[in-house]
Amino acid sequence: MSKQHLAGTIVDMLDRAFPRRGRMLALHEPRFSGNEWDYVKECIDTGWVSSAGAFVDRFERELAEYTGAGYAVSVVNGTAALHMSLLLAGVKEGDEVLIPSLTFVATANAVSYCGAIPHFVDVTETTLGMDGTELERYLYDIVQFDAKGDVRNRVTGNRIKAVVPMHTFGHPVDLEALVELCDKYRLVLIEDAAESLGSIYKGKHTGIFGKIGAISFNGNKIVTTGGGGAIVTNDAELARKAKHLTTTAKLPHRWEFHHDQIGFNYRMPNLNAALGCAQLERLNETIADKRIVTERYKELIQGIEGVRLMEEPEYCRSNYWLNAIILDKPNVKLRDQILVQTNKAGFQTRPIWTPMHRLPMFGHHPRMTLTVTERLEHSVINIPSSQGLMYL
Ligand SMILES: *Cc1c(COP(=O)(O)O)cnc(C)c1O
């Protein structure tokens with residue numbers, strides 16, 4: 001297919017899916033059509049705007065209920081949730097943490113905040129998430145158990161402590177394989193579920209398969225609190241520690257300021273939680289709408305040769321947070337042309353993240369062969385995916 005042709009065909013497809021009528025269609029916009037305004041106003045009217053208040057407790061309770069986690073602890077953003085998850089999992093300075101190279105930079109940053117080393121793993125073509133089978137093969141080659149029973153990378157000598165899969169664009173990775181592998185190698189499983197609120201893997205919500213899961217409520221995520229994040233876990237003691245550590249490790253007392261360790265000021269303010277409560281009430285409706293958006297794309301993209309629409313993996317119900325077109329190999333060279341033409345036509349599109357091992361601060365970090373990541377890095381294009389597309 002000629003250069004002009006495929007880019008033009010994709011612009012045409014977007015136009016047919018969602019006529020713009022002069023607007024720019026954003027990649028992902030929040031939608032506030034429920035109780036958002038009332039709940040936020042209530043915070044202002046009562047003066048409870050900061051990091052304590054009824055909406056924080058309610059948001060945590062409802063989040064735990066929705067995900068089926070025993071406990072949820074809300075924090076200032078998803079990156080902070082990841083940082084706390086790693087610390088609570090016992091990740092220490094000098095440890096290695098296995099993460100996909102194909103992720104948003106926050107996953108790697110959070111590992112670095114702990115003084116630990118992100119160690120990059122390849123992904124699968126279907127989920128764009130961590131490849132458990134390849135990882136197992138790789139670990140078999142590079143690990144050994146030390147005298148304490150810890151797992152060590154025999155190349156670097158470092159302890160390998162945790163595995164952090166990420167559910168790309170809301171599509172669950174194959175968790176079963178990873179749960180098994182973590183058991184076998186005594187690694188802590190932490191899910192970066194930043195993008196997958198509402199996504200189900202084999203009947204259970206993502207984020208609760210390992211020790212801890214981290215969720216994000218940034219402005220572009222499926223549920224937003226403006227900025228925000230949460231830790232979900234089934235472990236009561238861990239949840240208690242998370243609350244303590246994110247509340248400057250302050251011992252509860254009516255007036256005294258005692259802190260028993262260096263803590264963090266990572267709590268979510270009540271204002272943000274108020275927005276979150278209203279958003280959560282509508283989450284199922286949001287997902288239903290987003291699935292219709294995807295259906296519409298699916299019908300139109302089926303007829304275009306040389307590209308495919310990313311679809312939910314088997315046994316999963318994805319939240320379809322962000323739709324992605326994947327270019328077949330011969331069309332990869334047309335990616336930039338497609339990005340230019342679609343954006344020029346008023347459809348916000350963007351490529352997938354630069355893989356972490358390409359970034360200057362992570363370039364020298366340990367990694368397995370990243371064949372699929374390097375095949376995908378130039379072939380994925382995200383297209384407008386807001387719930388609001390249903391209400392143009
Ligand atoms: C959004 C996101 C985060 C971080 O969330 P913030 O709330 O923006 O800090 C982490 N990991 C992934 C994969 C994300 O998409």
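Domain bounds here come from an automatic or database domain assignment. The model is predicted, with local features needing pLDDT of at least 70 and side-chain atom pairs counting only at pLDDT 80 or more, while totals for chains, interfaces and linings use all residues. Residues are numbered from 1 along each chain as its sequence is written, and side-chain values use heavy atoms, leaving out hydrogens and water.

**View 1. The largest pocket draws on both domains.** Domain 1 (3-28 + 283-391) and domain 2 (36-281) each give at least three residues to its lining. A pocket is an open set of points on a 1 Å grid over the protein atoms alone, with protein on both sides within 12 Å along at least five of seven lines; a cavity is a set of points where a 1.4 Å probe fits but cannot get out, and lining residues have an atom within 4 Å of a point. The volume of the largest pocket is about 320 Å³, counted as the space filled by probe spheres set on the points, which are joined across faces, edges and corners. Look for Phe104, Ala106, Ser216, Asn218 and Lys221, which lie nearest the centre among 21 lining residues. Helix H4 (78-88) and helix H5 (105-113) each give two or more residues to this lining, and H4 gives the most, with three.

**View 2. The second largest pocket holds about 280 Å³ of space.** Of its 20 lining residues, Thr126, Thr127, Asp174, Pro313 and Glu314 lie nearest the centre. Its lining has eight nonpolar, five polar and seven charged residues, where Ala, Val, Leu, Ile, Met, Phe, Trp, Tyr, Cys and Pro count as nonpolar, Asp, Glu, Lys and Arg as charged, and the others, Gly among them, as polar.

View 3. The lining includes His28, Glu29, Lys221, Gln279 and Arg282. By class, it has two nonpolar, five polar and four charged residues.

**View 4. Helix H9 is largely enclosed by the rest of the structure, because 10 of its 12 residues are buried.** Helices are DSSP runs (H or I, at least four residues), numbered from the N terminus, and buried means under 20% relative accessible area with a 1.4 Å probe, protein chains only. Among the buried residues are Asn270, Leu275, Cys277 and Gln279. The buried residues of H9 pack against helix H2 (36-46), helix H3 (54-67) and helix H10 (283-301), with contact meaning heavy atoms within 4.5 Å.

Methods:
Buried < 20%, exposed > 50% of the residue type's maximum accessible area, 1.4 Å probe, protein only.
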